[in-house]
Amino acid sequence: MRSIAEKENMATVAVRKKEVTRDLDHCDIPYYVSEFVEREVGNDYDSLRKLDNLINKLSENKKQLEEQVLTVSSEVPKRIQNALKNAEDSKKSLNQLLEEETLLSASINSHLLKAQPLMEDLDVLISQIEEFERHVAYLKWVSRIEELSDSIQQYLMTNNVPEAASTLAFMAELDIKLQESSCSHLLAFVRSTVKFWHKILKDKLSSDFEEVLTQLRWPFVGPPQSQTFGLAAPASAPDVYNNLEMLFCQLLKLQTSDELLSTPKQLPEKYSLPPSPPIILPMQIMLNPLQKRFKYHFTGNKQTNVLNKPEWYLTQVLMWIGNHTKFLDDKIQPILDKAGSSVNAGLEFSRALVMLILEKLAADIPCLLYDDTLFCHLVDEVLLFERELYSVHGYLSSLPSCMHILSEESCFQRWLTVEKKFALQKMDSMLSSEAAWVSQYKDITDVDEMKVPDCAETFMTLLLVITDRYKNLPTDSRKLQFLGLQKELVDDFRIRLTQVMKEETRASLGFRYCAILNAVNYIATVLADWADNVFFLQLQQAELEVHAESNTVSKLQLGQLASMESSVFDEMINLLERLKHDMLTRQVDHVFREVKDAAKLYKKERWLSLPSQAEQAVMSLSSTACPMLLTLRDRLLQLEQQLCHSLFKVVWQMLAEKVDLYIYQEIIMANHFNEGGAAQLQFDMSRNLFPLFSHYCKRPENYFKHIKEACIILNLNVGSALLLKDVLQSASGNETTFKPNQPSAIAALNELGVYKLSQKDVEILLNLRASWPNKGK
């Protein structure tokens, strides 16, 4: 009875506990007590024994909490009092500082009022001192220049020209340092002093230097091997060369002052010449006689100054450069190196003479701009001159050159027009030539692999020559314009080839049609090779930058250009490849039509009634297959002789694919076969059709997979055929329910060597077999 009562009491407690709900807005003590009792006691009646320990534990916790509350309540007032006291002390300190600040501010203001008159007087004195210092500095500069001038005079009086030249160089450097000064009179004084002594020294040194050059019989008019450097008495040669070195170095010291006082002659900005330093003074003196000769012969009304003979002055300059190269390298360059100069004597000499050429071209080109013959001749001669200048004499592309003159807008546009005009004329003549479609290497087997007709090779040579003519242009924008011209010419030639091809469409296996196809293939191949050339890769990068700035192409095209996935000739190559594919397709279709016509009798062969292999002594080719195979053989031989190897490979592979499908669909799938018919079909194919293509590949049967696999199925022995048929039927019947069985059918076909045909095709082929055993009832 007691246990029943205890259970009822616990149930009552549990019910009451469940009835307690939490008040979220207040500190809900009943809820927490209920939770605590439930956690510590729960429904376990044995846990009531823990109540004594629980009460003791709670009592200790209560006692600790009370002690903490008492401690905190006693400490908080003390902390508050200390904080208040600190605040009061801080307030007093702040007030004291404010009072001190007020007194100090008043004292400062009073001092400033008293010192104001003194400051004004002091400012006046400082201004006067600064003015005096400027005057003193000005007088020091004047005195310094006068001292230098006196020094130069003294040196000249004692014939100490080297020191005089060094002093003048120092004075010129001072002139450069004073350029930022606003003292215009001082600047004028320094400049006039430099000019005065520079003229005296330059005249004296130039005269002495010219005298030494005369002793050396400068300039040289013959080739280096005939030069004796003109010394009447070879014993005096060391003295002459010593004087040459001394005077050359002294003239070098006048370079700074010479650049200050002289303004070099420059061509108009429209030629966009790269900046280059003035020619060094001693080299200017050495060049004077050559410049006089050039102007005498190639300006004015002289007979040597004619527009139709630009090669005269171009060749003359090249001869001068060649005649003096050895002397400059052997005698002048060591002097420059010893003086610590970075100037290259040969390049300096060439640069000065090239400037004569540029001035001459700038004057002549406007006179012959609209005479195509004269202008084209001038461009040709200039390009030859540039080629020799760079390749033989080591001229640098960073220096001014004739290409800068040809790049001037009006001249360049005329050049483009003339280049296009003559290129089109050349294309007309090459296509109308009797040998246009004949390969000039036709009798040389090793060379004639591409079987390139003469017109195609001449055209690509023309493009290559154009590339050589413009590749040294100074700017990428000009090069891109020439590249655009090349693309136009390629497209124009493609259109012309297309027109000729259309005239030959009826004879798509003829010699000319094949020659056109070889031409198209050759041009596309060469353009693809050019696309990997460094020069055209650089143009591709330049074209990318132009498109990126102008936003003329899509982001995809920009990405392809940047990643080098495409090339500058891609558009042309794609058009040529499309034309090539169309022509190949037309040829293959033509041959295939002939093969189909020749195969009509073979289609009607009585495959059901042919004798078995055992009934024949020797298997032989079906007589009805002969016309088809002969046609195929003859056309393959004809195309092999007329097409290049890469094109013929595409042709025979396309033709093999068509013949494979035709025989499979129109002959095999359209007939029933007895054992003899199947054996005959396999013999015709494996021993006669496939070997026709064995000249072009090692395993021709791989290009006739439909036929090969169909022959395998048709020639299976009866037991294997029945087993295969059962496997395929069970696989088809279980297709919707048992997928795992599907691979077994594929495995069975693969085991027989059947990979191309589908299961349905194999089932149809099995049904085309006429020789099945009777199953009985």
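User: Does tryptophan 530 count as buried or exposed, and why?

Analyst: Please keep in mind that this is a predicted model. A residue is called buried when its relative accessible area is under 20%, and tryptophan 530, at 14% relative accessibility, therefore counts as buried. Phenylalanine 536 has 3% relative accessibility, so this residue counts as buried by that cut-off too.

User: How are the rings of tryptophan 530 and phenylalanine 536 arranged, and why is the pair given that name?

Analyst: One looks at the distance between the ring centres and at the angle between the ring planes, with planes under 30 degrees apart counting as stacked. The centres of tryptophan 530 and phenylalanine 536 are 6.0 Å apart and their planes meet at 10°, so the pair is stacked. Tyrosine 602 and tryptophan 607 show the edge-to-face arrangement, with 5.2 Å from centre to centre and 90° between the planes. The structure holds 30 aromatic pairs, and one aromatic cluster is formed by Phe412, Trp415, Tyr470, Phe482, Trp530, Phe535, Phe536 and Phe569.

User: Where is tryptophan 607 found, and which residues is it in contact with?

Analyst: Tryptophan 607 is found in the loop between helix 20 (600-603) and helix 21 (626-642), and its 1% relative accessibility means that it counts as buried. Leaving aside neighbours within four places in sequence, the contacts of tryptophan 607 include Tyr602, Ile667, Phe673 and Leu681. Asparagine 671 is another of these contacts, and although it lies 64 residues from tryptophan 607 along the chain, the two C-alpha atoms are separated by 7.1 Å.

User: Which residues touch the most other members of the largest nonpolar core?

Analyst: As a general idea, nonpolar side chains in soluble globular proteins tend to be buried together. Here the largest nonpolar core has 203 residues, and Ile332, Phe459 and Leu689 touch the most other members. Helix 10 gives the largest share of this core, namely 14 residues. Not counting residues up to four places away in sequence, phenylalanine 459 touches Met427, Met430, Leu489, Val490, Phe493 and Ile523.

Technical notes: Residues numbered from 1 in each chain as written. Predicted model: local features only at pLDDT ≥ 70, side-chain atom pairs only at ≥ 80, totals over all residues. Heavy atoms only, no water. Core = buried A, V, L, I, M, F, W, Y, C linked by side-chain atoms within 4.5 Å. Buried < 20%, exposed > 50% of the residue type's maximum accessible area, 1.4 Å probe, protein only. Helix = DSSP H or I, 4+ residues; strand = E, 2+ residues; numbered from the N terminus. Contact = heavy atoms within 4.5 Å. Phe/Tyr/Trp six-rings, centres within 6.5 Å; stacked < 30°, edge-to-face > 60°.
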